[in-house]
Amino acid sequence: MHEDISGVYVVEMDDGSIRLATRNLAPGIKVYGETLLQHGGVELRLWDAYRSKLAAAFMKGLKTSPLRDGIKVLYLGVASGTTCSHVSDIVGNDGRVYGVEFSPRVMREFLERVAKYRRNVIPILADARLPTEYAHLVEEVDVIYQDVAQPYQSKILVDNADFYLKKGGWAFLAIKARSIDVTKEPSEVYKREVETLKDGGFEIVHVVHLEPYDVDHAMILARRT
């Protein structure tokens with residue numbers, strides 16, 4: 001197991017490289033073609049840092065994570081479910097992952113690849129910019145994870161936190177600088193989004209740049225004070 005990150009395994013491959021993995025909550029089922037390994041009677045799924053910004057953040061040295069068994073997570077921008085499936089592994093069957101996705105086509109992929117095999121995942125077809133749309137489905141959560149390719153990414157997170165994040169709760173924000181403003185340098189965009197989070201009542205705990213796994217991307221870990 002990883003020394004600092006709950007629910008995450010560190011795997012040394014035959015070539016000496018280090019990879020991350022999670023315990024497969026749906027044994028025998030792959031989500032995105034990942035490798036399955038057997039370890040001490042447990043099936044692990046390798047976690048590809050080139051396909052998942054959260055795995056990239058951990059590989060780049062993020063050693064703090066509020067994700068753990070039994071917690072509730074609101075996942076904004078769940079897409080086809082690559083990262084969400086690993087979050088589902090970590091929180092386990094006693095936890096919940098509310099997965100919000102705007103695109104009907106992508107939601108169908110998410111349902112087929114992830115949601116139908118995992119009873120801790122609640123799929124929600126909705127616009128994350130309008131958090132009241134899913135108020136009848138989502139309860140108070142411990143963590144919000146957001147990865148949406150929209151302008152005003154921090155504002156979307158703050159608006160959802162106002163509705164759903166418990167006091168002292170945590171947030172991961174994957175920032176796509178070029179989705180916010182293609183005319184500005186990524187460092188300027190990151191600084192502006194950080195200020196929006198602070199104005200929204202968040203303390204910034206870590207900012208991790210994700211190169212070489214993702215160019216012009218950063219992961220922010222923040223806590224609501």
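## Salt bridges within helices

Glu 109 counts as partly exposed because its relative accessibility is 27%. In this predicted model, Glu 109 pairs with Arg 113 in a salt bridge whose closest N and O atoms are 3.9 Å apart. Arg 113, at 34% relative accessibility, is likewise partly exposed. Both residues belong to helix H3 (residues 104-113), where four residues, about one turn of the helix, separate them.

Helix H4 (residues 153-164) holds Asp 159 and Lys 155, also four residues apart, about one turn of the helix. Their salt bridge brings the closest N and O atoms to 2.8 Å. Asp 159 is partly exposed at 25% relative accessibility, and Lys 155 is partly exposed at 46%.

## Further salt bridges

The whole structure contains 13 salt bridges. One of them links the side chains of Arg 192 and Glu 193, with an N to O distance of 3.9 Å. Arg 192 is partly exposed at 36% relative accessibility, whereas Glu 193 is buried, with a relative accessible area of 4%.

## A buried glutamate without a salt bridge

Glu 43 lies in strand S4 (residues 42-47). Glu 43 is buried and has no salt bridge; the nearest side chain of opposite charge, that of Arg 45, is 6.9 Å away.

The side chain of Glu 43 makes a polar contact of 2.7 Å with the side chain of Asn 24 and reaches the backbone nitrogen of Gly 28 at 2.7 Å. Beyond its neighbours within four places in sequence, the contacts of Glu 43 include Thr 22, Pro 27, Ile 29 and Leu 36.

Terms used
Residues numbered from 1 in each chain as written. Predicted model: local features only at pLDDT ≥ 70, side-chain atom pairs only at ≥ 80, totals over all residues. Heavy atoms only, no water. Helix = DSSP H or I, 4+ residues; strand = E, 2+ residues; numbered from the N terminus. Buried < 20%, exposed > 50% of the residue type's maximum accessible area, 1.4 Å probe, protein only. Lys, Arg positive; Asp, Glu negative; His and termini not counted. Salt bridge = Lys/Arg side-chain N within 4 Å of Asp/Glu carboxyl O. Polar contact = N/O pair within 3.5 Å; in protein donor to acceptor, adjacent residues only side chain to side chain. Contact = heavy atoms within 4.5 Å.
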